[in-house]
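Thanks for coming. I will walk through one structure, so please have the sequence and the model open.

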There are 2 protein chains.
Amino acid sequence: MEKFFNPESVVVIGASNSPFNLGATICNILKDYLDYTGAVYVVNSKGEQVNGCPGFSSVPALSAVPDMAIIIVAARHVPGIVRDCAEKGIKRVIIESAGFAEDGAEGAAMQREIDEVAQSSGMRIMGPNCLGTLSTRNKFCSFYGVNPSLVEMNQIFEVPGNISYIIQSGGVVVLVMESLYYDLVGINKVVSIGNKCDVDEADLIDYFQKDETQVIGMYLENVADGRRLMEAAEKSRKPILVFKTGKTPEGAAAATSHTAGMANDDLIFDSACRQAGMIRLKSIDELHSLPKIFTQMPLLKGNRVAMFTNSGAFGSIAADLLAEAGLRMVTLSDRTQAKLKKAGQVFNVKNPVDIGPAPPQTYLDIFEILLAADEVDGLWPLLSVWQTFVIDCLEELLKMCRHYDKPAAIYTPNAISKSIAIRTGRRIPIFETAEQSARALCVSFMFYNSMRKRGGLENCEIFAAPGME
Amino acid sequence: MEKFFNPESVVVIGASNSPFNLGATICNILKDYLDYTGAVYVVNSKGEQVNGCPGFSSVPALSAVPDMAIIIVAARHVPGIVRDCAEKGIKRVIIESAGFAEDGAEGAAMQREIDEVAQSSGMRIMGPNCLGTLSTRNKFCSFYGVNPSLVEMNQIFEVPGNISYIIQSGGVVVLVMESLYYDLVGINKVVSIGNKCDVDEADLIDYFQKDETQVIGMYLENVADGRRLMEAAEKSRKPILVFKTGKTPEGAAAATSHTAGMANDDLIFDSACRQAGMIRLKSIDELHSLPKIFTQMPLLKGNRVAMFTNSGAFGSIAADLLAEAGLRMVTLSDRTQAKLKKAGQVFNVKNPVDIGPAPPQTYLDIFEILLAADEVDGLWPLLSVWQTFVIDCLEELLKMCRHYDKPAAIYTPNAISKSIAIRTGRRIPIFETAEQSARALCVSFMFYNSMRKRGGLENCEIFAAPGME
């Protein structure tokens, strides 16, 4: 599997110099942009070279056996080419072409043909109807149509991170990668698996156990093999965040026309997630918004949360959200309340703690009092940035969270654009909405609980990993 | 009520030259920033002037009777001052001081004292524990602590809009105003009513029927008088979007300590909303994200929605959200499907319509085919901006929506920051999440339905109003 993300040589079958050729965009990103050092061959009817990559008129004609083939030609040609690849001894194939099982009976028949070749030859196949793999550390990318002029794209390869995604659809890949550019966690690997006739989510969960991945995000339109997925998830020592469409009959029908999955029963999937310790997401945006609670904060090790706001309304809003997230508003002890009274400027020393206009030291004192309190498992600051010193205080809060080994899910009730700018500029894990903060605490606690049940707590705390500050 | 937002003269009681004096910040914003042309007086113990505003040592000593008094002194002094104002003949008072019913029995007793003065004198009171009023067109603002250096603040007064807010809490005011700065709808008036011992949400809904307001947004922690609110809402010809905290016992308790409301039964509030045609919001962010569906788009006049995406996954995600929003995926007629086939590049001509890489004309053709179809009541475009021409196409879409008198709830599956930048720069009503788009169509249809039931459809279509392009 490693070589799917880090091949020493590849052939792009279908890359040519015709205008709008999609295969050529793969050669371009590898050669011009990523400075990929492996060999890149191309196959096209003329046998012409593309962007300096040696060209051949067929797979049998190739002068070497590359680690991986990327196929991007009309669907009807694909089964024959896969057979050629098998005969040539190529062990890995990514089929990016669409027009298979998602496109009706004829396509489904072709997909079965491909399956048979794979099974008899032992080659592994990704797709069809997919984008394949991206690896930031190896600077490899098999995606077609990537626009390397996007600043977002640059940053993704410049600053590798530790989140890996298994995504059935290209569109979601773009959303996630762009969004992380405005966040403080980075990408390790992304794989788009499309119709997943062979390599599926279970294979990839297994694979991501052994590399730099810290959090696994999945977007599924259907489940390939429920039992294998559950087995892989149960063994996972890394949090798995999964968004699945098809909750309603309408969504399931739309998914089928997209990546050819059978509409799996949504309730069964829901209980499978609970059983296997996968965290089911409520919105597609949670795929990119929630990982930072794992990489930037200690786990939430109990359900008692203290809130702290400089705007009373948000205490009340947050109390509703916390209850809906299945967590508890902690009842602060008399001792903690007495300390808070001394800190001054506090309107309400009960939870939610509510302060008026106050100097920086008051903020710092309250952070410390709440994190140090035995009855508090985690903190939810809802702090409007009305002066820049609030941002400075949040920076201090990160250190305190590490010291007390308790998380804070920070929300700033400011315009989203402004909150994102602060997050990007100051490297503070700020959530964009109050809902996200509540969910972040919830998923942190879910992961903690499932690891505890399985006896796997020892090595699961990502935040404690060295070098992750 | 009008003079609460547009007084010819005011007195700020409690403004002084002491450091950190909050009353002085009100004088400053009126004099230095808003160029308020009315007279501003101040009352403080020394009788000193503040920022050029003539000072008096008491209310009886005032040389004139201003249209309105703003009181911002320690709570214990407030009842006496209110009495002085009544005797002086001042008809309107905003009490910004906190420390009343939200603060326990003693505060509640003071609040009752104030009530009695108001009732016997006929004066109207806003607050206590509030910020008062802001009016963009009159350039008036009674809020304390406003930082006029905020760019967001500038823009709000520079470009008046047509959304008016009734908000119980100052913190939510800041969130909403900042967020609208990054949106394409503007503010008409904002009023923060705090503990609302006299003027309440019902008074303000009535008042906003007669001015430039097109959409009313409300943040409530409790309901002052359910019957009056329902009567006002039932008469409203303008959509009322309301977010109420206290859904859970935890939230209700937090609200009580904030603005002293009794925890009203949430289920009763829910059914009251349905009965009176108020639209209950699901998140605080909907207060600023949803109004644009009313001001920038025709109403949704049926529940049949067509989706159009250039990324198949989003069709499937959207289908789930649409079903959850209570709307219907329209079944496209054979005629419409045949037209879509001719448009070319279409992967799926059934709803959701799904296209691959395609030129601008294909986008425009599909917009036109779907909006022109009799079976389609509204459009949900989910279009990733992978080339800038997609933005140009969306601009054309706005004109087509107007022509066909059907709305489009545009979502761009890009990073939120990027979508917001396009929205602000190009004046296209883009929603930040798929959830928001679905909700926008839902609330548009809810308002249409409630107006139809009441026979009030004729003048309720905001978008058709002249001069609103």
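Phe20(B) is found in the loop of chain B between β1 (9–13) and α2 (22–33); helices (H or I, at least four residues) and strands (E, at least two) are DSSP runs, numbered from the N terminus. Before going on: this is a predicted model, in which local features need pLDDT of at least 70, side-chain atom pairs count only at pLDDT 80 or more, and totals for chains, interfaces and linings use all residues. Residues are numbered from 1 along each chain as its sequence is written, while chains are lettered from A and ligands numbered from 1 in the order in which they are written.

Back to Phe20(B). Its phi is near 65°, a positive value in a residue other than glycine. Is Phe20(B) buried or exposed? Phe20(B) is exposed, with 7 other C-beta atoms within 10 Å. The cut-offs are these: 20 or more other C-beta atoms within 10 Å of a residue's own is buried, 12 or fewer is exposed, and in between is partly exposed, with C-beta atoms placed from the backbone.

Asp405(A) also has a positive phi, near 55°, and is not a glycine. Asp405(A) sits in the loop between α16 (389–404) and β19 (410–411) of chain A. With 14 other C-beta atoms within 10 Å, Asp405(A) is partly exposed.

Next, the cis peptide bonds. One joins Gly127(A) and Pro128(A), with omega about -5°, and Pro128(A) lies in the loop between β6 (124–126) and β7 (132–135) of chain A. Another runs from Asn351(A) to Pro352(A), with omega near 0°; Pro352(A) is in the loop between β16 (346–348) and β17 (353–355) of chain A.

Now strand β4 (residues 68–71) of chain A. Met68(A) and Ile70(A) point one way, Ala69(A) and Ile71(A) the other, and all are buried. Strand β1 (residues 9–13) of chain A pairs with β4(A) in the parallel sense over 4 bridges; pairing requires at least two DSSP bridges between the strands. Ile13(A) stands opposite Ile71(A) in β4(A). Strand β5 (residues 92–95) of chain A runs parallel to β4(A), joined by 4 bridges, and Val93(A) in β5(A) is the bridge partner of Ala69(A).
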